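Me: I have a structure open here and would like to talk it through with you. Could you take my questions one by one?

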Amino acid sequence: MKKTLFYEQQRFNQWWLWAILLVPSCIVVYNFFAPLFADVSNSSGNFSFSMAMPRENWIVLFILIVVLFFFLFLQMKTNIDADKVVVKHLYFVKKEWKWSEIKSAKIIKYGFVGYGIRLSLNHGTVYNIKGNKGLLIQLKNGKKRLIGTQKPEELAKVISAILK
């Protein structure tokens with residue numbers, strides 16, 4: 001097994017993304033527990049609480065929980081050694097490129113291309129979690145790959161050492 005020269009693990013931890021995900025979740029949870037906060041003014045004074053929400057609310061709650069857990073545990077891992085570059089993204093995507101297949105590699109600053117795995121006319125296939133800096137790989141077959149990074153300086157040093 002080759003020694004790892006560069007390793008990075010990124011997660012979706014942007015505050016605005018979590019705000020977008022948590023606001024609807026809080027609304028659904030509030031609606032679930034709203035009967036607890038309601039004023040009970042009946043003659044008996046008894047309080048009744050039922051878990052019998054409409055089916056649509058249960059479906060929305062389930063979908064929100066799945067989406068929250070998806071983003072909570074979603075990560076992108078970049079691993080570079082003397083033989084290859086490996087990217088693991090979205091739980092099930094693993095891509096690797098041997099240095100013998102790579103024509104050039106450099107750190108670039110790019111405009112917003114989106115998060116996740118994207119196709120870009122300028123950068124080919126993009127693997128990104130956040131930010132606007134990444135490793136642009138030009139393969140010998142003409143294809144391009146862009147791997148987002150939060151450690152551009154460290155990655156640049158490793159790339160320059162490998163490509164000497």
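Me: How many aromatic pairs does a search of the whole structure find?

Reply: Bearing in mind that this is a predicted model, a search of the whole structure finds three aromatic pairs. One of them joins Phe69 and Phe73, whose ring centres are 5.9 Å apart with the planes at 15 degrees, so this pair is stacked.

Me: How many residues apart are Phe69 and Phe73 in helix H2?

Reply: They are four residues apart in helix H2, which means that about one helical turn separates Phe69 from Phe73. As for accessibility, Phe69 is partly exposed with a relative accessible area of 46%, and Phe73 is also partly exposed, at 45%.

Me: And what about Phe70 and Phe71, how are those rings arranged?

Reply: The centres of the Phe70 and Phe71 rings lie 5.6 Å apart and their planes stand at 90 degrees, so that pair is edge-to-face. Phe70 has 33% relative accessibility and counts as partly exposed, whereas Phe71 is among the buried residues of H2, together with Leu61, Leu64 and Leu68.

Me: Where do those buried residues sit around the axis of H2?

Reply: Leu61, Leu64, Leu68 and Phe71 cover an arc of only 100 degrees around the axis, which puts them on the same side of H2. On the other side of the helix, Arg55 and Phe62 are exposed.

Me: What span should H2 have, given its 19 residues?

Reply: Helix H2 covers residues 55-73, and at 1.5 Å a residue it should span 27 Å; the C-alpha atoms at its ends are 27 Å apart, which agrees.

Me: Switching to the sheet: what is the strand order?

Reply: Five strands make up an open sheet with mixed pairing, in the order S5-S8-S9-S7-S6. Its edge strands are S5 (102-109) and S6 (116-120), each of which pairs on one side only. Averaged over the sheet, and with direction ignored, neighbouring strands are turned by 20 degrees against each other.

Me: Which helix packs on the sheet, and which strands does it touch?

Reply: That is helix H3 (residues 152-162), which touches S5 and S8 and whose direction makes about 160 degrees with that of S5. The buried residues of H3 are Pro152, Leu155, Val158 and Ile159, and seen down the helix axis they fall within an arc of 125 degrees, so they line one face.

Me: What covers them, and what is on the face turned away?

Reply: The cover includes strands S1 (4-11), S2 (75-81), S5 and S8, while the face turned away from the buried side carries the exposed residues Glu153, Lys157 and Ala161.

Technical notes: Residues numbered from 1 in each chain as written. Predicted model: local features only at pLDDT ≥ 70, side-chain atom pairs only at ≥ 80, totals over all residues. Heavy atoms only, no water. Helix = DSSP H or I, 4+ residues; strand = E, 2+ residues; numbered from the N terminus. Expected span 1.5 Å × (residues − 1). Buried < 20%, exposed > 50% of the residue type's maximum accessible area, 1.4 Å probe, protein only. Arc of directions from axis to C-beta. Pairing = 2+ DSSP bridges. Axes fitted to C-alpha atoms, helices over the stretch in contact; angles between N-to-C directions. Contact = heavy atoms within 4.5 Å. Phe/Tyr/Trp six-rings, centres within 6.5 Å; stacked < 30°, edge-to-face > 60°.
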